[in-house]
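Student: I am new to this structure and would like to learn how to read its features one at a time. Could we go through them together?

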Amino acid sequence: MNDLIIKQGTLINGDIIDIVINDGRITAIGPSAATGLASIREIDLHGHYHVSAGWIDAHTHCNPQSPLYFDEPDLIGASSGVTTVVDAGSTGADDIDHFYTVARKAKTHVYAFLNIARTGICRQNELADMAQIDNERLQNAVRRHKGFIIGLKARMSKSVIGDNRLLPLIKAKIMQRANGLPLMVHIGNPPPNLEDIADLLTKGDIITHCFNGKPNRILDDAGNLKQAIQRALARGVILDVGHGTESLSFSVAEQAIKFGAHPHMISSDIYQRNRVGGPVYSLATVMTKFLNMGLSPEYILNCVTINAANLLHLPRKGRLERGYDGDITIFELKNQRIKLVDAEGQIRIGTQQFIPIAAIIAGVHIVVAENAAAKNMSAENIPTQNAATGRSRVNGISL
Ligand SMILES: [Zn+2]
């Protein structure tokens with residue numbers, strides 16, 4: 001007897017497949033792979049809905065106790081069709097133990113980028129005092145939470161670093177060498193200048209807020225991709241969207257994409273305020289914005305599945321293949337007009353959107369999406385059931 005069978009889900013290429021999940025892993029997948037098999041639970045999508053590997057949001061803030069940027073992992077995760085969320089530096093060595101305890105209670109898979117400041121983001125300028133960077137505490141925290149802490153986070157913008165210029169980043173690079181984890185660097189207002197930040201980054205490091213419209217944008221005054229960014233990309237530095245309240249400019253992203261500077265990861269930088277009040281709303285909304293900027297649905301799905309899994313070193317995630325984790329997102333790609341707003345109030349009208357229907361986590365939790373994505377849009381007839389209520393039907397499909 002199998003744990004869960006998903007019948008007749010449609011891949012983004014149009015193929016219709018069955019997925020069989022046991023003990024948290026995909027054990028069979030393919031056209032008619034479930035024929036003749038029995039399972040404890042079964043979802044029959046009748047070819048009406050898309051399936052992909054579970055979506056991974058590489059930049060969120062989901063420590064409910066964090067004072068500035070906080071949210072609940074399952075609200076930004078499973079209830080939004082996202083099976084894995086990464087908290088990007090809300091916590092540091094001082095409070096990571098507590099966050100770990102909270103994270104383990106969520107249905108959604110939660111991982112953390114550890115802030116190089118020991119207090120995490122408990123105030124806006126966590127790196128203005130260099131005493132906040134304590135290598136011993138940081139390395140101990142990384143050792144204690146191996147597998148939960150998957151990277152380091154340094155926020156390198158004027159309001160965060162005070163007068164310390166590049167020093168926090170230089171220290172972060174030294175600390176990173178001791179544990180080999182990826183480093184995610186937030187960019188915003190200078191100092192330091194983006195060029196100086198980018199020149200310090202090495203293969204696998206992540207620039208988040210990559211399409212921000214602030215002075216530290218990746219384009220120069222003539223609208224070309226800055227030389228330092230071109231060099232960084234050639235070295236294997238990663239571009240991550242990290243939309244957030246202030247950090248996605250449609251015009252910057254559109255121009256960068258024209259130059260071939262496509263995002264490697266599409267993440268939301270979501271937390272309660274920008275989830276409820278916009279402009280982020282959900283990872284699906286951010287993905288929809290990139291549809292409207294001309295990226296293909298396949299490319300966008302890769303950004304939130306296989307790319308994120310590879311770049312965040314999550315080896316059993318990101319693919320719908322035998323042996324991989326039983327994390328699945330069920331969604332619609334709907335042709336429907338939609339008003340999209342970036343972090344600077346620029347508006348675009350899209351014609352197609354990603355609408356999450358349900359998240360399946362390790363083949364165990366089946367959570368129907370709340371569709372926060374629809375809040376500022378004229379979406380109709382979107383199922384709004386929530387697993388928290390115990391109801392489990394989507395558009396008449398029994399879960
Ligand atoms: Zn953030």
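**Reading the surface and the interior**

Tutor: Let us begin at the surface of this predicted model, where Leu167, Ile170 and Ile174 make a nonpolar patch of about 260 Å².

Student: How should I read Ser79, and is Ser79 buried or exposed?

Tutor: The term buried is kept for a relative accessible area under 20%, so Ser79, with a value of 6%, is buried. Ser79 sits in the loop that runs between helix 1 (73-76) and strand 7 (82-88).

Student: How far apart are the C-alpha atoms of Ser79 and Gly180?

Tutor: The separation of these two C-alpha atoms is 33 Å, and Ser79 and Gly180 are 101 residues apart along the chain.

Student: How many cavities of 30 Å³ or more are counted, and which residues line the largest cavity?

Tutor: A cavity is a space where a probe fits but cannot get out, and the count here is two cavities of 30 Å³ or more. The largest cavity has a volume of about 40 Å³, and its lining residues include Ala53, Ile56, Thr83, Arg316, Tyr324 and Asp327. By class, the lining of the largest cavity divides into three nonpolar, three polar and five charged residues.

Conventions:
Residues are numbered from 1 along each chain as its sequence is written. This is a predicted model: local features need pLDDT of at least 70, side-chain atom pairs count only at pLDDT 80 or more; totals for chains, interfaces and linings use all residues. Side-chain values use heavy atoms; hydrogens and water are left out. Patches are made of residues with over 30% relative accessible area and no salt bridge: like charges are joined within 9 Å, nonpolar side chains (Val, Leu, Ile, Met, Phe, Trp, Tyr) within 5 Å. Accessible areas come from the Shrake-Rupley method with a 1.4 Å probe; for residues, only the protein chains shown count as cover. A salt bridge is a side-chain nitrogen of Lys or Arg within 4 Å of a carboxyl oxygen of Asp or Glu. On a 1 Å grid over the protein atoms alone, a cavity is a set of points where a 1.4 Å probe fits but cannot get out, and a pocket is an open set with protein on both sides within 12 Å along at least five of seven lines; lining residues have an atom within 4 Å of a point. Grid points are joined across faces, edges and corners, and a volume is the space filled by probe spheres set on the points. Ala, Val, Leu, Ile, Met, Phe, Trp, Tyr, Cys and Pro count as nonpolar, Asp, Glu, Lys and Arg as charged, and the others, Gly among them, as polar. Helices (H or I, at least four residues) and strands (E, at least two) are DSSP runs, numbered from the N terminus. Buried means under 20% relative accessible area, exposed over 50%, partly exposed in between (1.4 Å probe, protein chains only).
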